[in-house]
Amino acid sequence: MERTFETAEERERIILVAVDSGAAPNRWEFQASTSVEKSLDELQELADTAGARTVGRLVQNREAVHPGTYIGRGKIEELREMADSLCADAIVCDDELSPAQISNLQEELSCKVIDRTVLILDIFAAHASTSEGKLQVELAQLRYRSSRLTGLGKSLSRLGGGIGTRGPGEKKLEMDRRLIRERISVLNRQLKELVQNRDTMRRQRSRNQMPTVAIVGYTNAGKSTLLNTLTEAKVLEEDMLFATLDPTTRERQLENGQKILFTDTVGFISKLPHPLVQAFRSTLEEAKYADLILHVVDASNPEHDFQMAVVYETLKELAVEDKPVITAFNKIDRLSGDGRDSLKDLRSDACLSISAREGTGLDTLLEKIETLLNEGFVRIEKLIPYADAGQIQKIRQYGRLEKEDYREDGIYVEAEVPPFLS
């Protein structure tokens with residue numbers, strides 16, 4: 001009789017390592033108030049999302065990271081003993097490491113060493129589903145690796161084997177660099193075509209004069225859940241970091257008949273790797289061309305103020321600072337009454353509390369969106385000839401039709417409309 005065995009995938013056991021220098025990196029100066037432990041908490045969430053199991057942590061207090069090994073000699077010995085006792089498979093450092101730091105640490109620990117950037121790139125690679133997303137992730141990975149080709153010692157001087165390869169030949173490191181450069185060129189060309197397609201769709205939406213609302217926020221703030229609730233988009237919803245990467249645009253009709261577009265964007269995170277910012281720029285720039293920014297914040301997260309700062313810093317890098325912003329404090333179903341009362345965002349045109357999953361506060365949110373989008377509207381009272389009756393549909397679609405009276409010589413309307421319909 002045949003027996004069936006159930007096997008479970010073995011999760012990689014990792015140790016998290018960080019250096020607390022008491023100062024934040026230049027690009028993230030506003031993070032200075034955030035403790036290293038909180039940063040490691042987020043790193044552990046990233047590791048969980050990547051499928052790893054955190055078995056230990058190690059933090060060293062020093063004025064600056066060690067230029068050669070990230071942590072000092074004494075901590076390396078402590079980390080080696082910890083890795084042996086906990087049977088760790090890999091070490092994950094909370095900062096981006098140089099090629100020398102990775103190489104030296106791996107030699108000292110006899111264990112795989114990766115940094116925060118590699119971990120995020122791995123998550124992006126696992127969650128990218130569209131062709132554009134996969135190309136963007138591969139491009140980011142190649143850009144990261146191209147500056148970290150340190151090789152394998154003597155293997156860098158190996159020549160190819162077989163007929164036609166004798167002579168000086170091409171060293172392995174040079175060949176690797178050439179192949180990466182060629183692949184990056186191919187990916188850039190393919191992405192350029194996709195970006196042009198995205199620009200074409202964006203121009204088409206602009207010609208249709210349909211207002212666009214870009215949903216932005218820290219990863220796992222509930223953006224996809226909100227998009228699904230508002231538009232029935234059926235985007236993947238998961239309580240994990242970077243569950244969705246590909247932007248989704250869906251239409252929603254307001255109670256007054258006006259139609260608007262909601263566009264979900266990739267979530268932000270602290271220390272977002274620069275190669276990813278470059279690769280996903282066309283995706284992130286959906287916010288740049290929107291009429292309104294809807295900033296979704298996980299109000300239940302005790303670090304939501306810090307997460308909001310990360311979002312605003314990233315929007316600043318993308319030159320998206322002149323747009324009206326609505327801040328929606330999401331997941332209020334997890335908060336007490338006092339916790340809800342303390343929510344505020346001084347950089348936003350409007351703040352409100354919602355629960356995207358339960359639908360709480362969404363009517364108020366839509367009313368606020370309608371008010372901000374229609375601030376530039378003008379009031380019209382005119383008679384439209386029956387030959388131009390098609391204008392009525394445009395008024396319903398882009399404005400607010402308050403009165404419609406069919407008379408002998410035409411249709412009398414009273415409405416508030418965008419300037420292009422006045």
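Helix axes are taken here as lines fitted to C-alpha atoms over the stretch in contact, and the angles between them run from 0 to 180 degrees between N-to-C directions. The structure described is a predicted model, and in these terms the axes of helix H7 (residues 223–231) and helix H12 (residues 362–373) come within 12 Å and cross at roughly 85 degrees. Since angles of 65 to 115 degrees count as roughly perpendicular, H7 is therefore placed roughly perpendicular to H12. On the side of H7 the contact is made by Leu226, Thr229 and Leu230, and on the side of H12 by Leu362, Leu365 and Leu366. Of the residues of this contact between H7 and H12, five are nonpolar and one is polar, while no charged residue takes part.

The protein as a whole has 422 residues, of which 48% count as buried, and its secondary structure comes to 13 helices and 13 strands. Among the contacts in the protein with a separation of 6 or more, 68% are accounted for by residues 24 or more positions apart.

Helix H3 (residues 99–109) has Gln101, Ile102, Leu105 and Leu109 as its buried residues. These residues lie on the same side of H3, because the arc that they cover around the axis is only 100 degrees. The elements against which the buried residues of H3 pack are helix H2 (73–86), strand E3 (90–93), strand E4 (112–115) and helix H5 (131–146). Just after H3, a positive phi of about 55 degrees is found at Ser110.

Strand E9 (residues 325–330) and strand E10 run parallel and are joined by four bridges; in this pairing, Thr327 stands opposite Cys351 of E10.

Between Asp48 and Arg11 the separation in sequence is 37 residues, and the distance in space, taken from C-alpha to C-alpha, is 9.5 Å.

Note on methods:
Residues numbered from 1 in each chain as written. Predicted model: local features only at pLDDT ≥ 70, side-chain atom pairs only at ≥ 80, totals over all residues. Heavy atoms only, no water. Pairing = 2+ DSSP bridges. Helix = DSSP H or I, 4+ residues; strand = E, 2+ residues; numbered from the N terminus. Buried < 20%, exposed > 50% of the residue type's maximum accessible area, 1.4 Å probe, protein only. Arc of directions from axis to C-beta. Contact = heavy atoms within 4.5 Å. Parallel < 35°, antiparallel > 145°, perpendicular 65-115°, else oblique. Nonpolar A, V, L, I, M, F, W, Y, C, P; charged D, E, K, R; others polar.
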